[in-house]
Amino acid sequence: FRVYMPDKPDKYGRKAYLVCESTSGYIWNLEIYTGQSIKELVDLLGPNLLDKGYHLYQDNYYNSVELSEILRRGTYVCGTLRLNRGAPKELKDKVKIFKKGETAFAKKGQVLTQVWKDKRDVKLISTIHMAQVVESEKTNQNGEKISMPEIIGDYNVYMKGVDRADQMMH
């Protein structure tokens, strides 16, 4: 099951789904991608993690509006998103005219999709957060604090578990 991944340094490889604890990087479960991504992700969580109120942080390679809707009954999702994976058309249209620092969002039930313009467009999805913008500790060249969606701060904190697991595997 070789997969073409245009954004990766090695363009062809195997895609694996990992469920990791967010601070230690401990791998709870893993599964090799076989072409049925949503079913595989739900199976990967299994009865021990599904519907228990856990928060699942994912990158845009795995996230979609459809998966967020499936998991919303008791597993909460947060992460980055590819707009072609279920984001509303209105949000896609707004992104084209954004200036740095601007944000827009759309909500469908419990699923929030949000886009924020930084150096590039940052596309987000969450069933945990509201479309809240907060001041970060970071500052721009003028020394002003940067305002960004709340989702980004949490995502940056909790995605470190997968990064740590990747480092240990290499």
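Me: What do the side chains of K89 and D93 meet in?

Reply: A salt bridge, 3.0 Å from N to O. The term means a side-chain nitrogen of Lys or Arg within 4 Å of a carboxyl oxygen of Asp or Glu. This is a predicted model: local features need pLDDT of at least 70, side-chain atom pairs count only at pLDDT 80 or more, and totals for chains, interfaces and linings use all residues. Residues are numbered from 1 along each chain as its sequence is written, and side-chain values use heavy atoms, with hydrogens and water left out.

Me: Where do K89 and D93 sit relative to each other?

Reply: Both are in helix α3 (residues 89–95). They are 4 residues apart, so about one helical turn separates them. Helices here are DSSP runs of H or I, at least four residues; strands are E runs of at least two, and both are numbered from the N terminus.

Me: Is K89 buried or exposed?

Reply: Exposed, at 55% relative accessible area. D93 is partly exposed, at 33%. The cut-offs: buried is under 20%, exposed is over 50%, partly exposed is in between (1.4 Å probe, protein chains only).

Me: Which other salt bridge does D93 make?

Reply: One with K96, at 3.9 Å from N to O. K96 is exposed, with a relative accessible area of 69%. Shared partners join K89, D93 and K96 into one network.

Me: How many salt bridges does the structure hold?

Reply: 4. Among them is K117 with D121, the closest N and O atoms being 3.4 Å apart. D121 is partly exposed, at 24%.

Me: Switching to strands. In what sense do β5 and β6 pair?

Reply: Parallel, over 4 bridges. β5 covers residues 55–58 and β6 covers 76–80. Pairing requires at least two DSSP bridges between the strands. L56 stands opposite V77 in β6.

Me: And what do β5, helix α2 and β6 make?

Reply: A right-handed β-α-β unit, with α2 at residues 65–71. Right-handed means that, with the strands pointing away from the viewer, the path from the first strand over the helix to the second runs clockwise.

Me: Now packing. Which residues have the most contacts inside the largest nonpolar core?

Reply: L45, L67 and L71, in a core of 17 residues. Such a core is a set of buried Ala, Val, Leu, Ile, Met, Phe, Trp, Tyr and Cys residues joined through side-chain atoms within 4.5 Å. The largest share, 6 residues, comes from α1.

Me: What does L67 touch, beyond four places in sequence?

Reply: I38, L41, V42, Q58 and Y62 are in contact with L67. Contact means heavy atoms within 4.5 Å.
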